[in-house]
Every structure is written in C-alpha cells, then in structure tokens.
Amino acid sequence: MTSAATKRYAKAVFELAQQDRDTARWRTRLETVVGLLEQPDLRAALLNRGVATERRVALLRDIGAGRLDGEALNLAGMLLENRRIEEAAGVLEEFDVLVDEAEGRVRASAVTAVELSESERQTLEHDLAERFGGKVRLETAVDPEILGGLVLRVGDRLVDASVRTRLQQLRRRLATAST
C-alpha cells in the first residue's frame with residue numbers, strides 16, 4: 001500500500017517534471033536516487049538515527065555529488081530529512097503512474113503459469129489497447145500455481161481466467177450439488 005506521503009512526493013516531482021516538460025529526465029533522476037538510497041552500506045548509515053541528521057545529509061551530499069544533479073540531490077536530502085528514504089522506490093512507482101495517466105496509457109498486469117513469448121505479449125498488449133482505447137503498459141509475471149490461463153488486472157478491474165480458479169469453482173459447484 002502506497003502512503004499518502006509517497007503520493008505527495010511523487011505528485012510534487014511530477015509537477016516539476018511537467019514544468020520542465022521533461023518527464024524522462026525526472027524519471028532518470030528518480031531511478032538514480034532510488035539506486036543510491038538502496039545501496040546497503042549507505043542505507044544503513046542514513047537510517048542510523050544515532051548520527052545527527054545534519055551529518056547524514058552531509059554524507060548523502062558527499063556520496064551523491066558525483067551521481068546526482070542538484071535537483072535530485074535536493075530530493076534525496078529532503079527524503080532523508082523527512083525520514084522517507086525507505087519510500088523512494090514508491091515515489092518512483094507513483095511517478096510512473098502519474099506519467100502514464102497524463103499520457104493516456106493504461107496500466108495492466110498479466111500473471112500466467114508459464115512465461116509469455118514476445119509475440120504472445122505483443123498480441124495481449126495490442127488486444128488490450130484496442131479494448132481500452134489507448135496505449136497499454138503491460139507488466140507480466142509467472143505463477144505456476146495458477147496451472148494455466150491468465151489472471152489479468154487492468155486498472156481496478158480483475159479478470160481471473162486461471163485454470164486454478166476454474167477448478168475451484170467447479171469443486172464448489174460439485175460440493176453444493178451433492179448436498
């Protein structure tokens with residue numbers, strides 16, 4: 001679950017990106033911030049509340065100076081000062097959601113029992129784009145426990161056409177029919 005603070009940060013960054021008319025550059029900045037903040041040794045040092053916040057911010061600025069531009073460094077510093085560095089990846093994800101919405105792109109995820117081939121993925125993406133009237137960002141995952149078929153989520157809609165679910169439904173019908 002994404003926190004309200006994570007959404008606020010993402011919205012603020014998105015608004016800056018729109019002002020700059022360069023969402024791609026801001027996304028790259030966010031990826032770099034997330035990558036930096038996820039380095040285990042640095043993360044441990046930044047989360048150490050036994051060290052004064054000013055010293056932790058100085059450490060972040062020293063280490064980030066060669067990797068982050070001024071705006072990205074300010075964002076990372078703000079996340080640190082407000083005890084939100086653990087939410088950096090969520091800010092990136094929410095930023096992507098806002099960009100997709102602004103560009104009229106529908107987000108969809110498909111879970112299958114086996115990995116989709118590239119042509120199957122393209123066909124599914126094309127079918128979804130036709131059905132929902134726009135561009136589609138499709139994420140796929142594999143879960144062998146669904147046995148076959150697919151579980152599709154588009155926005156807040158869920159279509160479970162998995163073999164596992166169909167077998168469970170059949171089992172329930174047979175159980176109620178025999179009583």
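**Overall form.** I began with the radius of gyration, taken over C-alpha atoms, where the globule rule is 2.2 Å times the number of residues to the power 0.38. The chain has 22 Å, while a compact globule of 179 residues would have a value near 16 Å. I then looked up the box filled by the C-alpha atoms, which is roughly 70 × 40 × 30 Å along the principal axes.

I am working with a predicted model, in which local features need pLDDT of at least 70, side-chain atom pairs count only at pLDDT 80 or more, and totals for chains, interfaces and linings use all residues. Residues are numbered from 1 along each chain as its sequence is written, and side-chain values use heavy atoms, with hydrogens and water left out.

**Helices and strands.** I looked these up as DSSP runs numbered from the N terminus (helices are H or I with at least four residues, strands are E with at least two). I found eight helices and four strands. Along the sequence they follow the pattern α-α-α-α-α-α-β-α-β-β-β-α.

For accessible areas I used the Shrake-Rupley method with a 1.4 Å probe; for residues, only the protein chains shown count as cover. The chain has an accessible surface of about 11,200 Å², and 50% of that belongs to carbon and sulfur atoms. I call a residue buried under 20% relative accessible area, exposed over 50%, and partly exposed in between (1.4 Å probe, protein chains only). Of the 179 residues in the chain, 31% are buried.

**Contacts.** I take a contact to mean heavy atoms within 4.5 Å. Among contacts between residues at least 6 apart in sequence, 64% join residues at least 24 apart.

**Charges.** I counted Lys and Arg as positive and Asp and Glu as negative, without His or the chain ends. Each charge is placed at NZ of Lys, CZ of Arg, CG of Asp or CD of Glu. The mean positions of the 28 positive and 30 negative charges are 5 Å apart.

**Two arginines in loops.** I reminded myself that most residues other than glycine have a negative phi. R21 is not a glycine, yet its phi is positive, at about 55°. I found R21 in the loop between α1 (4-20) and α2 (23-37), and R21 is exposed because its relative accessible area is 78%. R83 also is not a glycine and has a positive phi of about 55°. R83 sits in the loop between α5 (70-81) and α6 (88-102), and its relative accessibility of 58% makes it exposed.

**Aromatic rings.** Rings of Phe, Tyr and Trp (its six-membered ring) pair if their centres lie within 6.5 Å; planes under 30 degrees apart count as stacked, over 60 as edge-to-face and the rest as tilted. How many aromatic pairs does this rule give? I got one aromatic pair. The rings of F14 and F95 have centres 6.2 Å apart and planes at 70°, so I noted the pair as edge-to-face. The pair links distant parts of the chain, since F14 is in helix α1 and F95 in helix α6, 81 residues apart. Both F14 and F95 are buried.

L47 lies in helix α3 (residues 40-47) and is partly exposed, at 33% relative accessibility. Not counting residues up to four places away in sequence, L47 touches R56, I85 and E86. Is D100 buried or exposed? I noted D100 as buried because its relative accessibility is 0%. Leaving aside neighbours within four places in sequence, D100 is in contact with R105, R107 and R137.

T165 is placed in helix α8 (residues 163-177), and T165 is buried, with a relative accessible area of 12%. T165 and K135 are 30 residues apart along the chain, and their C-alpha atoms are separated by 29 Å.
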